[in-house]
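Hello,

The structure is below, followed by notes on what was found in it.

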Amino acid sequence: MLSALPSSDSLLGNAFPAFDYALGPWDGPEFFSFKPTSPNPVTSSSASDDPNPTPADQKPASDQSNRVVSLTEERKRRRMISNRDSARRSRMRKQRHLENLRNQTNLFRVENRELNNGFQFLLHHCNRLRTENEWLRSERTLLRQKLADINQILLFRQLQPFSTAWPCNIVMAE
């Protein structure tokens, strides 16, 4: 889409007279062999959209090819600038992404260190509880043994008065 205005509007003129001939810069080898002498593109606002130009409006063929080449060079230059800007934005996005990843890595390292410290504390506490639990179990075993011994002594004392009543337990004193 070259223009939003109808082609019959002659006030603006034709900004791309090379397209009046339905040839692009790639349609002929003569466009590739020509080198413009001016780095600035040549533009004209006096051209009209009339398909039958008057002799005063006609430009020489070399001027039209110069305009086509300068237009393609201008497009290349704009595209190159656009590509450079895009690459710069891409590098900046990559830089921000890497910085975010570094920040996340640092946060994860801090969190990992805190979790590891908490784990070490819990492990130490767990070992201390295991040791205390083993000591309590061994004390329980000793107390059970003492209780069993006391029960045996009490039972023996309770049975002692009956033991004198047995005939085999009577000792004859002579």
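Predicted model: local features only at pLDDT ≥ 70, side-chain atom pairs only at ≥ 80, totals over all residues.

Buried is taken as under 20% relative accessible area, exposed as over 50%, and partly exposed as in between (1.4 Å probe, protein chains only). Residues are numbered from 1 along each chain as its sequence is written, and side-chain values use heavy atoms, with hydrogens and water left out.

The mean pLDDT of the chain is 76, with 58% of residues reaching 70 or more. Over residues 1-10, pLDDT stays under 50.

Of its 174 residues, 11% count as buried.

Three salt bridges are present, a salt bridge being a side-chain nitrogen of Lys or Arg within 4 Å of a carboxyl oxygen of Asp or Glu:

- Arg-77 with Glu-74, closest N and O atoms 2.6 Å apart. Arg-77 is partly exposed at 40% relative accessible area, whereas Glu-74 counts as buried at 19%.
- Arg-88 with Asp-85, closest N and O atoms 3.9 Å apart. Arg-88 (39%) is partly exposed, and Asp-85 (30%) is also partly exposed.
- Arg-102 with Glu-99, at 3.5 Å from N to O. These two lie three residues apart in helix α2, about one turn of the helix.

Regards

Note on methods. pLDDT = per-residue confidence, 0-100. Contact = heavy atoms within 4.5 Å. Helix = DSSP H or I, 4+ residues; strand = E, 2+ residues; numbered from the N terminus.
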